[in-house]
Amino acid sequence: MGSRPDRTPEGTAPVAASQPLTLAAMLFAVSMTFIDQTIVSIAAPDIIRELGLSAVGMQWVVNAYLLSLAAFFALGGRLADVLGHKRMMLIGTLTFVIASALCGAVPSGGAAEAWLICFRAVQGLGAALMFPAALAVVVEVFPVERRGRALALFFGVAGGLTAIGPILGGWLTSWTWRAIFWVNVPVAVVAVVLTVLAGIRNSPRREPVDWTGAVLVAVGMGLSVLGLQQAAAWGWGSWATWLCILSGLVVLVVFGAVELRTEHPLIKLRVFADRAFAADNAVLFFAMIAFVPVFFFASVYAQVALDQSPNEAGLYLLVFFAGFAPGSQIGGRMLDRRGARPPMLLGTAVSAVGFALWASKITDLSLGAQWPYIVLAGAGIGLLLTPASTDAVNRSIDASYGEVTGITQTVRNYSASLGLAVLGTVLLHSTARNVQSTLEANGVPVDAAHGVADTVTQGITGHGAGGQAPGGVGPALLDAIREDFAEANGPVLYGMAAALAVAFGCALLHPGTRVTADAAPAVDVAVTREGGGPA
């Protein structure tokens, strides 16, 4: 299956690699990709005003990054194994930062919209090349018995940076919106310097790349994610929505059939024969329906229902990470001691309860009434995320860490897109119904009530003024509209709780086996069992 990375007989990392410097380097690299998922939305009004972008064009500036990220993750993971993890991390970082600089240098005029969308897509490609390689570097440098704690820090810090995006974006935008892209340049320089100082070895494999599979998975993921992204704008009854989603799924089925007959496939699908690997990915799929979309929904909720500024909304999101950060550390230590099954079971249960209790308090327009349950929800996600991700990577065939990371990240991105599309539709319909009913009950004509409800939903989808409550109504009705919107968030949070309850069921299917040697392939993995049975 290709040459193995150089290792000591005990399976530990090469002695030349500094573990602290390696972890710091990879954190600096991936921090850019996490921050960029949320930072651009904050600067959207300033970008539209200066460059004259349309609202739809601005939405594509945001979507292009996420769409490219989803389409190329699998290829990025495979290239990381074939060309070497260190090399692909550096290539991905340089691609990302050059695209970032070009985004910040977008010229005014008619070409601005196409320029920005194009280089945002290149940013997504760079992130897709960088992230699997960076995670694979960490996995390769840290031995199995210390990997849980290392990746707990990796995912904990990286995940927390998603919430920093709105705060950093608001601060940088007060200077110039272009700074939200230029800030990546010094961060990338630090990442590259630390990578060189860490002494990380590059371990390429002499294997061909399955370009047919790469094209198929990129097209399949791209089409289906595009359909999910555009469902709110096009409508679920639109033929374009379903054409994209169903065509993408058909192409992904064809991809699977082709991979099973390919000597050197882009993704070794037999890794799913490992019951633990399949369970890990199922847990990640359902958990990510809640974890990634919660940033969007909580940010809009804070701005509309609580009447907070974007910066204040970022602080609201940090409450979630007050639970996530310690939960992630505890989950990593539980993984090292007892395997992935216990923290996944505990995490899915705690987060399901946390989201359900949060939903029950969502109409109390006060952070003081909600924060214990927000922290609980974050703690549960933190508990399960590192164990599920790390256990899946540990079970890679022939130490194909980049490839397996590409699989898990593709699963996570697809799930997040699905969660945003479905739960976003629930939020829009509930909000429109609630607002229109309230206005009509207060004597507002049907057409006017429908117009205000439409204004609110446009703000939520990004086609309106950017998530703020509408003007043109009295203070009393404005408060009622905020309450209506808050109430509409309840079904969304209950939906997240339900997804995590399903994730709990998937965690029950995990056999409880533990990977105890780096060199073991996924299907024939050498394992131990706690007390002779499943953990």
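This is a predicted model: local features need pLDDT of at least 70, side-chain atom pairs count only at pLDDT 80 or more; totals for chains, interfaces and linings use all residues.

User: Which residues of α4 are buried?

Analyst: In α4, H85, M88, M89, G92, T93, F96, V97, A99, S100, C103 and G104 are buried. Helices here are DSSP runs of H or I with at least four residues, strands are runs of E with at least two, and both are numbered from the N terminus.

User: Why do we say the buried residues of α4 line one face?

Analyst: Look down the helix axis: the buried residues of α4 fall within an arc of 160°, so they line one face. The arc is taken from the directions from the helix axis to the C-beta atoms. In general, an α-helix has 3.6 residues a turn, so residues three or four places apart point the same way.

User: What covers the buried residues of α4?

Analyst: The cover includes α1, α3, α5, α7, α8 and α17.

User: How do you know that the length of α4 agrees with what a helix should span?

Analyst: The expected span is 1.5 Å times one less than the number of residues. For the 20 residues of α4 (85–104) that comes to 28 Å, and its end C-alpha atoms are 28 Å apart, so the two agree. α5 has 30 residues and reaches 43 Å, close to the 44 Å expected.

User: What makes α13 "largely enclosed"?

Analyst: Of its 12 residues, 11 are buried, so α13 is largely enclosed by the rest of the structure. Among them are P293, F297, Y301 and V304. α5 gets that description too, because 21 of its 30 residues are buried.

User: Why is S328 called buried?

Analyst: S328 has 1% relative accessibility, so it counts as buried. It lies in helix α14 (310–338).

User: Which residues is S328 in contact with, leaving aside neighbours within four places in sequence?

Analyst: They are A152, G156, G382, L383 and T386, where contact means heavy atoms within 4.5 Å. Also, the C-alpha atoms of S328 and I381 are separated by 7.8 Å, though these residues are 53 apart along the chain.

User: What makes something a cavity or a pocket?

Analyst: On a 1 Å grid over the protein atoms alone, a cavity is a set of points where a 1.4 Å probe fits but cannot get out. A pocket is an open set with protein on both sides within 12 Å along at least five of seven lines, and lining residues have an atom within 4 Å of a point.

User: How many residues of each class are in the lining of the second largest cavity?

Analyst: Eight are nonpolar, one is polar and none is charged. Nonpolar covers Ala, Val, Leu, Ile, Met, Phe, Trp, Tyr, Cys and Pro; charged covers Asp, Glu, Lys and Arg; the others, Gly among them, are polar. The lining includes F297, W358 and N489.

Methods. Residues are numbered from 1 along each chain as its sequence is written. Side-chain values use heavy atoms; hydrogens and water are left out. Buried means under 20% relative accessible area, exposed over 50%, partly exposed in between (1.4 Å probe, protein chains only).
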